[in-house]
Amino acid sequence: MKTTESSSHYDNLENMSVIELITNMNKEDQTVPKAVGKALPAIERLIEQIVLRMEKGGRLFYIGAGTSGRLGILDASECPPTYGVSHDMVIGLIAGGDTAIRKSVEKAEDDPDQSWQDLKANGIKELDTVIGIAASGTTPYVIGGLKTAREQGLLTGCVTCNEGSPLAAAAEYPVEVVVGPEFVTGSTRMKSGTAQKLVLNMISTSVMIKLGKVKGNKMVNMQLSNEKLVERGTKMVMETTGLDEAQAKERLLKFGSVKDALEDWKQK
């Protein structure tokens, strides 16, 4: 039996009080970072290979179904505003298409050929990377896309929560984060979803740092898409230049990013 489908350590959940429920959930959640920690060497190997390709113009694709697909889309969608990259640099694809982001699309994940069609529709190229995300490691949509991508010479990785899964076998650089049974048996949106989110955070953040999108510990390429981000960028410019708030904000808005504003300052 797959670890993600094994019986919960807890029973008679309906008889627990609310504090008992959330205390036990929290107890289980605390095991997730430790499981991720054991997978750090595999995560490192995958990230290093992604960076090599993206430095040459490659892109990063996530493919998944259900919760896993939505987590990939979440991670991809946050890269442009956070790091100022184009929307087609990191792309999340989900079985069933955009409709499945909000509503389940029945049996969409069972088609092993559709994911490659979805990748081709997004102009998949030789330098691109495809990461399959599936807690079970058995989702046909994800396995099929990964197998074809690898056959075509693309870099392939995966994030799964079972050991020795078909998905891990299909990936050149598999990441297996075994978090154990879920609090509610088989509900992989819980610990497995948390583990996947942590790993995706590590992948995208590390890649963007290595691609020069962060300076020191600051998001110097972030998009100035709202007042909160303009205020944050203004403070960054103030800290580096010693300008007052009004001067720093004027400079930031003139150049459109913290990075460009500071580079121009250094040249003077």
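These legends describe close-up views of a predicted model. Local features need pLDDT of at least 70, side-chain atom pairs count only at pLDDT 80 or more, and totals for chains, interfaces and linings use all residues. Residues are numbered from 1 along each chain as its sequence is written, and side-chain values use heavy atoms, without hydrogens and water.

**View A. Val130 in strand 3.** Val130 belongs to strand 3 (residues 129-133); strands are DSSP runs (E, at least two residues) and helices are DSSP runs (H or I, at least four), numbered from the N terminus. Val130 is buried at 0% relative accessibility; buried means under 20% relative accessible area, exposed over 50%, and partly exposed in between (1.4 Å probe, protein chains only). Beyond residues up to four places away in sequence, Val130 touches several residues, among them Phe61, Leu119 and Leu155 (contact: heavy atoms within 4.5 Å).

**View B. Salt bridge between Glu78 and Lys197.** The two side chains meet at 3.7 Å, N to O; a salt bridge is a side-chain nitrogen of Lys or Arg within 4 Å of a carboxyl oxygen of Asp or Glu. Glu78 lies in helix 4 (residues 66-83) and Lys197 in helix 9 (residues 191-210), so the pair ties together parts 119 residues apart in sequence. Glu78 is partly exposed at 34% relative accessibility, and Lys197 is partly exposed at 21%.

**View C. Salt bridge between Asp264 and Arg251.** The closest N and O atoms of Asp264 and Arg251 are 2.7 Å apart. Asp264 is in helix 12 (residues 258-266) and Arg251 in helix 11 (residues 245-255), 13 residues apart. Both Asp264 and Arg251 are buried.
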